[in-house]
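Hi,

Here is the structure I promised to pass on to you. Have a look at it first, and then read on for what turned up in it.

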Amino acid sequence: MQTKPLSWSEIRKNATAFVKEWSGETYEKGEAQSFWTELLAVYGVRRRAVARFEAQAKRINGGTGFIDLFWPGMLIAEQKSAGKDLVAAEDQAMQYLNSVTEAEQPRYVITCDFATFRLRDLEAPPGEDPVVTFALEDLPAEAERFGFMAGYHKRAFGSEQQAEASIKAAQIMADLYIELEKSGYDEHESSVFLVRTLFALFADDSGLWERDLFLEYVETRTSPDGSDLGAQLSVLFQTLNRPEDKRLKNADELLLRFPYVNGSVFGEPISIPYFDRAMRDKLLAACHFNWGTISPAIFGSLFQAVKSKAARRELGEHYTTEENILKLIGPLFLDDLRQQFIDNQHKLPGLRKLLQDMGELRFLDPACGCGNFLIVAYRELRALELEVLVRIQELDRRAQQTALVMDEDDLVRVRMNHFYGIELEEWPATIARTAMFLVDHQANQDMSLKIGQSPGQLPLTESAQITVGNALRTGWNDVLPASNKVIVMGNPPFLGHVSRSEEQAEDLKAAWNTPKPGRLDYVTGWYAKSVHYFQGCDGGRWGFVSTNSITQGDQPARVFPAVFGGGWRIRFAHRTFSWSSEAPDAAAVHCVIIGFDRDVASAARLFSYIKAKGEPTESPARTINAYLVDGPNILVPGRSRRLSPDLPEVDYGSLPADGGNLIVERDEYAEVAADPVMKKYLRRFVGARELLRGENRWVLWLVDLDPSDVQKSQALRKRLEGVRRMRSESTLKSTRDKASTPHLFYFNGHPEEQYVCLPSTVSENRPFFTAALLDKDVIASNATSTAVDPDGFAFAVASSSMFITWQKTVGGRLKSDIRFAKKTTWNTLPLPPVDEDLRQQIIEAGRGVLDARGLRPERSLADHYNPLTMDPDLLRAHRALDRVVDKAFGCKIADPTEQDRQETLFARYADLTSAGQLDLKTETSRRRRSTAS
């Protein structure tokens, strides 16, 4: 009995006999069914198990017809007499597709007139001709064209068609889970059952056993009402876990046709589920889908989501694309191996050395989820390994004039058990192991197609090593001992310091061995663990997808000393881009990818994005620093004092903490202005939004309040009572203490002379920082920062390209928007001492910017600084400002790029801080003393 797909030599031998048998046949009606039954047998397929003749179907244009041969989920065929038009026959077959259910939609349409085959692939990749025509006598040479009948699938990895197939497959599994959920089946046992069902469905369509053997079992061995389905499936799963020589001799003949799989999938005993007709119908629908076309990498993410109602509603909208995974594994290790292959195309010793090198590598994903990174890495390495083997065969044939036969150890050096993962939850860990089985089988099928050999598939003897546990509490060396051949990679949780839980804060303490993790993002725990893991090794590589905030603000100075101090350098980096999370309810996250090694001799690679969702541009880099800039490898911690003595002190804007009682909104203005008492104290109130949009808002500024005025205005008394009540009911003691002075702001940072106002956040798309010079009668809110600026020097500096470059490089972010903070961007700005003449030039250039804005007084700052519609006069004014500010920073390039300015800024920072490191130590010590006190 056949329990695995026929080898290609067997298929070609069968095809030769088939051609000899059917050459010269011409009569459709008399012999069509025998012709197709025997053609399927060429590929080891029992026609009655998979397909039916004369299936009734409705045509698109009306009427009813009969499909000559219909294999649900696989193919539809029309047979004609010799000489008939096969294009017309194909049109006839296509007419029937509208009446076929979605799960049963075929991928292939075949027409034949006994002498000629015409094959159309309805899911052909872009750029590939979907139609192939060949003669009957060419079938032995063209046998691969019908390889899908035996479970051999051509796959365009990462293609839209494969993604769509994976989404449909996940929706089918979600339907099955819903039925299990309705029955009250235990959640863990439901998980086990779903994984086993998935394995059986995949095996049916990919040649792990006879084509559609599982479908035949469900159809013929279970009752239509589904009452015995659970029991019969339990019997089947027990059989799959028992070697053939240990099965009962009088067992069901159909059960005995199933091969031994082993306990890794079918070993755990679970209770028998109860099913009904609806459940059986769902399972049969699943059987008719072609599971051999799915991508395990995509499907794993989707399969993980089937338990969540919210996730099921959005299946297919949120999974990690293979493109994003390749952004990490490509420059981390895969590109090097591919280059090694290219360099040794004509060198047998070099190719064999490459196979040996690949076989020595080990991979660890310590945040593996459902295994996407492991799956794609394994698939890509197996594909490269196959290319190497094909090339070795070609070179050996030329030398020996004979076909090369290899044993299994020579065939496959990259093994599933070279791949390790750590995952917090059991369900995704189970999916990861199972998906690795699937991709392993697909890789072996490809190997069989290309070189005519592949390892035996069943029973399963290897698996990926997935450990269930908390990666930040688990000893990684206990999972996989560190060595120079280990590559660590993955996508840890996207959690900032605000969104992490108390338990996760404890994880960070353990990972960093510190009592206070501070504002560190959760992902930094994996950085700490990686550095510790590779202690004692002089090699190894590691890289993670990370929240972009670890390369901004004060986090680089907290994270990277340990990394660089451990001898690591940034091998490659993707600067900020938008990454779609796998979580169905999660928004896109702005992230970076950073990879590390200790190979300081090779060039680093830097990938930059003009648009967050666009394609990157790659450039070589001498040194990539912690801010993902090609510049000096220095760190910029937040400072309590200004690095430049020429800049004024920045303070925070004023904080009301008033419950809205001191603030006057636009719809309240007329009423307040009509009150003669309150009118005296009305001031314009500007936050980041009002500053940018030019919107009107006011506040009652009562620092000089005459106590008698309170008695003169009932409306004022009511507002002050509202402030007092709000503050006195606060849970914060500091706020309650302010209840006794309800007329005053909680914090007063208002300058008593002209000042520069700096918004707390600015869009990433603004070409310049949207600062403004304001009169002392305008009150700035806590959504801004302020600095006394009587001559406009600070405004000019803040409006320059140098400043926004520094802000974007070392400043923090709110999502992708740049976030101003005095300690991290203003106090660290490395502006050297400016002489009086140059200072006046900068002030005058700043006035030029204000004058250019004044030419369009109706425009808000948002309108002025729309990157698509900036006024030419304003652009010229900023260019003039940039020329003098660039000169002040010592930039000698006439028209500097952002990278030129970054290099200048880091060079000045190094100059002003004694090569960068002395200042880091000083500020760190000062911060610790401040914390201790």
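Strands here are DSSP runs of E of at least two residues, helices are runs of H or I of at least four residues, and both are numbered from the N terminus. Two strands pair if DSSP finds at least two bridges between them. Strand S24 (residues 784–788) and S16 meet that with two bridges, in the antiparallel sense.

Before I go further, a word on the source: this is a predicted model, with local features needing pLDDT of at least 70 and side-chain atom pairs counted only at pLDDT 80 or more, while totals for chains, interfaces and linings use all residues. Residues are numbered from 1 along each chain as its sequence is written, and side-chain values use heavy atoms, with hydrogens and water left out.

**Two sets of strands**

S16 and S24 belong to an open sheet of four strands in the order S16-S24-S20-S22, where the pairing is antiparallel. At its edges are S16 (651–652) and S22 (772–774), each of which pairs on one side only.

Elsewhere you will find parallel pairing around strand S10 (residues 486–490). S10 pairs with strand S7 (residues 362–365) over three bridges in the parallel sense, and Leu 364 stands opposite Val 488 in S10. S10 also pairs with strand S11 (residues 541–547), again parallel, over four bridges; in S11, Phe 544 is the bridge partner of Gly 490.

How well covered is S10? Five of its five residues are buried, where buried means under 20% relative accessible area, exposed over 50% and partly exposed in between (1.4 Å probe, protein chains only). On one side these are Val 486, Val 488 and Gly 490, and on the other Ile 487 and Met 489.

**The cores**

A nonpolar core is a set of buried Ala, Val, Leu, Ile, Met, Phe, Trp, Tyr and Cys residues joined through side-chain atoms within 4.5 Å. The largest has 108 residues, and Tyr 527, Trp 542, Phe 560 and Ile 842 touch the most other members. A second, separate core has 105 residues, including Leu 236, Trp 291, Cys 370 and Phe 572.

Contact means heavy atoms within 4.5 Å.

**Two backbone spots to check**

Most residues other than glycine have a negative phi. Phe 114 has a positive phi of about 75° and lies in the loop between strand S4 (108–112) and strand S5 (116–121). Asn 513 also has a positive phi, of about 55°, and is found in the loop between helix H20 (502–512) and helix H21 (524–533). Which of these is buried and which exposed? Phe 114 counts as buried because its relative accessibility is 1%, whereas Asn 513, at 72%, counts as exposed.

**The chain as a whole**

The protein chain has 36 helices and 26 strands, and its C-alpha trace spans about 110 × 70 × 55 Å along the principal axes. Of its 933 residues, 57% are buried. Among contacts between residues at least 6 apart in sequence, 73% join residues at least 24 apart.
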